[in-house]
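I opened my notebook to get to know a new structure. Come along while I look things up one at a time.

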Amino acid sequence: MADSVPIATYVMVIFFIYVSHLMSTLGKPKSWTYLLPPKLPNIHLADRLSDDPIAIKLASTDFGNIVKEIPAAVLYPSSNNDIASLIKFSHSSSPPFQIAARGQGHSISGQAMARDGVVVDMKSLRNYRNGNGVKVSSAASSSMGWYADVGGEQLWADVLNATLEHGFAPVSWTDYLYLTVGGTLSNAGISGQTFQYGPQISNVYEMDVITGKGDFVTCSPEKNTELFYAVLGGLGQFGIIVRARIPLEPAPKRVKWVRMLYNDFSAFTRDQEHLISINGRKQKNAVDYLEGSLLMSQGPHPNNWRSSFFSLSDHSKIISLLTKYGILYCLEVVKFYHDDHTLASMEMEVQVLLEELSFIPGFVYEKDVLYVDFLNRVRSGEIKLQSQGLWDVPHPWLNLFVPKSRISDFNYGVFNDIILKRNITTGPILVYPMNRSKWDDRMSAIIPDEEVFYTIGFLHSSGFDDWGALDVQNKDILQFCYDSGIEVKQYLPNYKTREEWKYHFGIKWRTFQERKNQFDPKIILSPGHRIFSTND
């Protein structure tokens, strides 16, 4: 590695000197055309590359606001061909330079960065789609039904709005909709619908992908299947997603939104596990969404950033319980409905459901809201935090998958010990279960082996001078799990060494490595994860 870095840097410097020269003297394009593979266009690619300080600064940071990696340039593509040309140029260079696709930059630890390489600003493609970034179609003659062909750079919020115009919507979401389709499909895409429909990666018919060789490939479960399953949950290691075909179903109009409070963790998890066991798509007594979270007296106020759910009159009662117990567990469920004709039956189903649960009597809260407002529930909190200057701050998040068999141990050792005693929690903590059967093991995403497992999200925010204590706490949580033999898996993983990555992937490591060799043999894509190095 020590020998190759100076050469790679030298090649990049020479390349971008010529790019800068061309951008200032477009009348003399031949001055650097020999640097590109002979069949590739060059002038339009040079026009799209920038080393402007503002562009570099933006591409050097992410939502985490902890890691900073400075690229040599940023590509603002006007087409998929621009991306393919850049990758092919790198692939033909000796040594190649590294490339990272950046959507909304919502990574936490530099995963979308490329030190001394090129960051591809995927948002730029939205300016050239001519309003066709989301195309809704029906395949009535096949089992596919309604679907949307969506650019990888599109926001899920825009997918929602475009599909609702036709009365349809995807079925699996993330809590926050201002993420790109390509970004969430490169990880998994999880939320309260995952127990029933699986993650977003389980709800894809087809994709167009540009591989680490610069090849444009259409893949699906029937065509180029190895690439299809590699890319879904593949952390951007095998290709850049530029189109995904997403299945749609008729969209409901409104939702009944219910939150219940527990002081008993066993009752809380027992009720969650009971509810996710009813997970057939057509089962009337199934909930349509389920999540859980922690409320703590020293943590987020009951009226936290995720939604304004609890009224001011509720606060004193909840705070009194928090003072007594230290931690409360909040179960959140939703039932969809279409119109006033289905409202009565839905209300009855909710009442039957509540009678089966063991929440604290008198601590149940309900809302009736538009479907679109429910899905976009985090947005108002984001806007408020932005107005207060509290959004673009460090976010030392930790997201884990914990096997059901050890969730009680996790509660005692982490929630009731590390978290409660240190008294530094500064954001929501999510706790809710999923069903392994709703995931596809052929995909690259890693989850625990047990049929039921929990996602735990420590969604911290902090000041720029004090995020270190939360980072230490995250490491101590992982160390507790290791010492206790709790085989957790990180979601949105962040590891520093090859051994840690091999442990993370487990029996999938060999397959992951073989796929890398097949689709990105020169280790060009997504260097920010630090999974592979050019010395491999």
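Predicted model: local features only at pLDDT ≥ 70, side-chain atom pairs only at ≥ 80, totals over all residues.

**Entry: Asn-279**

With that term in hand, I asked which residues Asn-279 touches. Leaving aside residues up to four places away in sequence, I found Phe-195, Gln-196, Asn-435 and Lys-438. I then looked up where Asn-279 lies, and it is in the loop between α9 (265-276) and β13 (289-296). Is Asn-279 buried or exposed? I read off a relative accessibility of 18%, and because buried means under 20%, Asn-279 counts as buried.

**Entry: the whole protein**

Next I stepped back. I counted 17 helices and 19 strands in the protein. Of its 536 residues, 57% are buried. I also checked the contacts with a separation of 6 or more, and 75% of them join residues 24 or more positions apart.

**Entry: a sheet**

I picked out an open sheet of 5 strands and wrote down its order, β5-β6-β10-β8-β9, with antiparallel pairing. Which strands are at the edges? They are β5 (134-139) and β9 (216-219), each of which pairs on one side only. From one strand to the next, I noted an average twist of 20°.

A reminder to myself: strands of a sheet pair through backbone hydrogen bonds, either parallel or antiparallel.

Then I followed one pair. Strand β8 (residues 206-211) meets β9 over 4 bridges in the antiparallel sense. In this pair, I saw Ile-210 standing opposite Phe-216 of β9.

**Entry: helices across the sheet**

I wanted to know what lies across these strands. Helix α4 (residues 80-92) lies across β8, β9 and β10 (239-247), and its direction is at about 40° to β8. Helix α5 (residues 156-164) lies across β5, β6 (145-151) and β10, running at about 50° to β5.

**Entry: the largest pocket**

My last stop was the largest pocket, which holds about 930 Å³ of space. I found 32 residues lining it, with Leu-478, Gln-490, Asn-494, Tyr-495 and Glu-500 nearest the centre. Which element gives the most to this lining? It is α15, with 8 residues. I listed β16 (398-403), α15 (467-484), β19 (489-490) and α16 (498-505) as each supplying at least two residues. Sorting the lining by type, I got 16 nonpolar, 9 polar and 7 charged residues.

Definitions and conventions: Residues numbered from 1 in each chain as written. Heavy atoms only, no water. 1 Å grid on protein atoms, 1.4 Å probe; cavity = no way out; pocket = protein on both sides within 12 Å on 5 of 7 lines; lining within 4 Å. Points joined across faces, edges and corners; volume = space filled by probe spheres on them. Nonpolar A, V, L, I, M, F, W, Y, C, P; charged D, E, K, R; others polar. Buried < 20%, exposed > 50% of the residue type's maximum accessible area, 1.4 Å probe, protein only. Contact = heavy atoms within 4.5 Å. Pairing = 2+ DSSP bridges. Axes fitted to C-alpha atoms, helices over the stretch in contact; angles between N-to-C directions.
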